[in-house]
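The following questions and answers concern selected features of a predicted model. The structure is shown first.

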Amino acid sequence: MTSSQDACYISLLGLSEYFRTASPPDIKKCIQCLQALFTFKPPLKVEARTHLQLGQILMAYTKNTDLAKNHLEQAWILSENINNFDDVKFDTASLLAQLYQQQDQSSLAKPVLRKAIELSQHNVYWHCKLLFQLAQTHATDKEYALASELLAVGVESTDESNATYLKSLFLLSRAMIMMIERKTNDVLAILNQAGPIIDHSITNVHLKEYLKVFFYVLQVCHYLQLGQVKTVKTSLKQLQQSIQTIMAANWPADEQIFGQNSTEMFMWLPKEQLYVLVYLVTVSHSMMAGYMDKAQKYTEKALTQIEKLKSQENKPILAVFQIILLEHIIMCRLVMGNKSLAIKEIALAKDVCLSSSHKFLLKRHAPQLHCLLGLYAMSTSLFEHAEKQFYTCIQDTTERELKLFANLNLAIVYLRTKREQDLRNILEQIQQENSQCSNSQALMGSFYYVQGLNAFHKSSFHEAKRFLRETLKMANAEDLNRLTSCSLVLLSHVFLSIGNSRESMNMVTPAMQLASKIPDIHVQLWGSAILKDLHRMLKEPTQEVEAYNNHVNFSQNLIADQLKCTKFPEHTLISWFQGDPPLPMLSQELVQPVAAAVSNAPMASGSGVPSLVVTGQQQQQGTVQQVGGTYVRLPGALNQQVMFQ
């Protein structure tokens with residue numbers, strides 16, 4: 001009888017596999033064969049394994065997630081207390097938790113994973129895999145302290161089993177969580193602990209290179225989070241060298257590198273995704289340094305790479321990278337005076353968020369979308385819409401830097417609309433938030449700039465100079481070129497207002513040089529107006545005419561672009577303040593500007609930190625009209641998405 005049953009099991013399993021691997025596969029018959037096994041009342045282990053197989057097949061080939069969940073729950077109940085059954089028991093726990101997570105039921109996933117972790121202490125591979133998965137689940141729910149504790153347990157476990165590679169992964173993952181929590185000193189301490197282990201204790205050269213990329217990505221993001229554009233250059237160069245090594249033609253496939261033994265079957269990201277990520281942090285650095293052309297080239301190159309990877313396998317993390325890169329390119333467009341492309345790309349970013357599973361990206365990035373729309377509205381002088389968008393962003397986000405960023409721009413809106421009491425209130429609020437935020441050079445410098453701009457509007461020129469000199473000191477220390485150019489042009493305007501033409505010229509000349517290098521059309525517009533007045537004061541008619549013509553050209557380009565973008569259907573997004581945004585509009589038109597702009601720039605190689613731009617117009621002294629606003633680049637979404645694989 002037993003022999004006959006065994007023959008039936010084997011026959012049904014073989015038949016189910018035949019139907020699964022047929023061309024085309026017949027999944028219905030495959031499932032029927034597996035279900036038929038239950039009619040023979042198989043032993044507990046066979047029954048549990050069959051439920052697992054059914055759950056796997058239903059998840060992989062059908063949309064019947066409820067039935068898949070039912071089979072996996074049965075497999076978990078049956079296998080939980082069976083000894084020497086690790087492959088089925090822990091595979092079931094992991095897959096069931098994954099399914100719960102997909103259905104936004106992380107509260108059900110966590111106890112399953114915790115129980116599995118408790119049962120897997122004798123098995124290094126499964127214990128670590130489940131620790132990573134539970135840490136990811138807590139991180140996704142923004143329970144960062146719990147995620148960090150689990151990763152610390154992983155460090156201890158790998159110490160006991162001498163799994164040095166895994167220990168490095170746990171340390172780096174914990175540093176990433178600390179970075180999200182803005183625990184600057186803890187991040188530095190963990191990176192200082194991990195660095196020597198990677199350099200001296202990892203003997204496999206291929207694994208070492210992957211760890212180095214992970215390490216340098218975190219190090220670069222850490223410096224950028226602090227606004228240390230100059231300090232980060234060495235780490236960024238090392239990161240670019242490492243990724244070029246990994247992407248070389250003679251580098252082995254990931255499957256060869258990570259398939260050697262059970263404690264080395266873990267990676268943070270596959271090399272093709274690491275390649276995109278290195279582009280991304282390079283873009284963050286370029287934007288903060290104020291090199292818009294470079295940031296734009298690498299953004300477009302990375303977006304092309306993402307489309308290539310999507311055509312092979314559309315992993316959710318690719319949409320995360322796409323959103324971050326779109327944030328960057330939108331900022332580039334606004335800086336360079338191309339609002340018409342910016343609004344189309346905001347609409348594209350919105351569509352990417354809407355298309356994600358369970359609108360996951362929309363939940364994470366809605367505040368950033370509102371902030372981008374606020375910046376766009378501010379650049380088109382629609383201050384009422386800008387105010388509402390910034391206010392919505394502030395209400396929707398829990399990120400302190402993003403709130404500070406939105407408040408800085410809201411202060412500019414109040415300044416531009418002469419709402420003095422609101423401006424005083426928000427500057428006091430910013431003062432408090434700034435003292436609690438990360439010690440970012442860019443954010444601190446931006447705050448001083450806003451105060452300088454406010455003092456200038458009140459004709460408190462001595463106070464304006466004091467604030468702007470602080471901004472320049474911070475900007476020059478870390479090569480924050482856009483912050484420098486904005487401060488110089490405003491200082492030039494201050495000196496012009498008090499009749500000091502020599503100092504005004506000394507400030508506006510380097511401001512214009514930097515602005516043309518960036519290029520920042522708004523600073524150029526402002527600077528050309530100042531130059532026109534200066535040359536008139538100095539009785540230099542030829543130079544005055546040249547400056548006037550430049551000013552007219554910059555102004556006409558901005559006005560023409562503004563008229564163009566307000567006619568687009570995407571422009572109506574500025575009236576979206578709550579709930580889900582409108583459905584995709586003219587999707588072909590949305591994609592086209594990005595695709596058309598893709599360049600073949602060679603590779604040069606988180607979380608980004610803001611830099612500054614001046615935008616807008618308002619009447620002031622003489623014929624100078626451009627006294628603008630300021631905005632700081634959105635913090636990158638690296639701080640919102642943790643990736644364990």
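Q: In which helix is Q389 placed?
A: In this predicted model, the helix that covers residues 383–396 includes the place of Q389. That helix is α19.

Q: Is Q389 buried or exposed?
A: A residue counts as buried under 20% relative accessible area. The relative accessible area of Q389 is 0%, so Q389 is buried.

Q: Which residues is Q389 in contact with, leaving aside its neighbours within four places in sequence?
A: Contact requires heavy atoms within 4.5 Å. With those sequence neighbours set aside, the residues in contact with Q389 are H370, L373, G374, L573, I574, S575, W576 and F577.

Q: How far apart in space are Q389 and Y376, C-alpha to C-alpha?
A: In sequence, Q389 and Y376 are separated by 13 residues. In space, their C-alpha to C-alpha distance is 9.9 Å.

Q: What covers the buried residues of α8?
A: The buried residues of α8 include Y144, L150, L151 and V155. Among the elements that cover the buried residues of α8 are α6, α7, α9 and α18.

Q: How many disulfides does a search of the whole structure find?
A: A disulfide requires a pair of cysteine sulfur atoms within 2.5 Å. The number found in the whole structure is 0.

Terms used. Residues numbered from 1 in each chain as written. Predicted model: local features only at pLDDT ≥ 70, side-chain atom pairs only at ≥ 80, totals over all residues. Heavy atoms only, no water. Helix = DSSP H or I, 4+ residues; strand = E, 2+ residues; numbered from the N terminus. Buried < 20%, exposed > 50% of the residue type's maximum accessible area, 1.4 Å probe, protein only.
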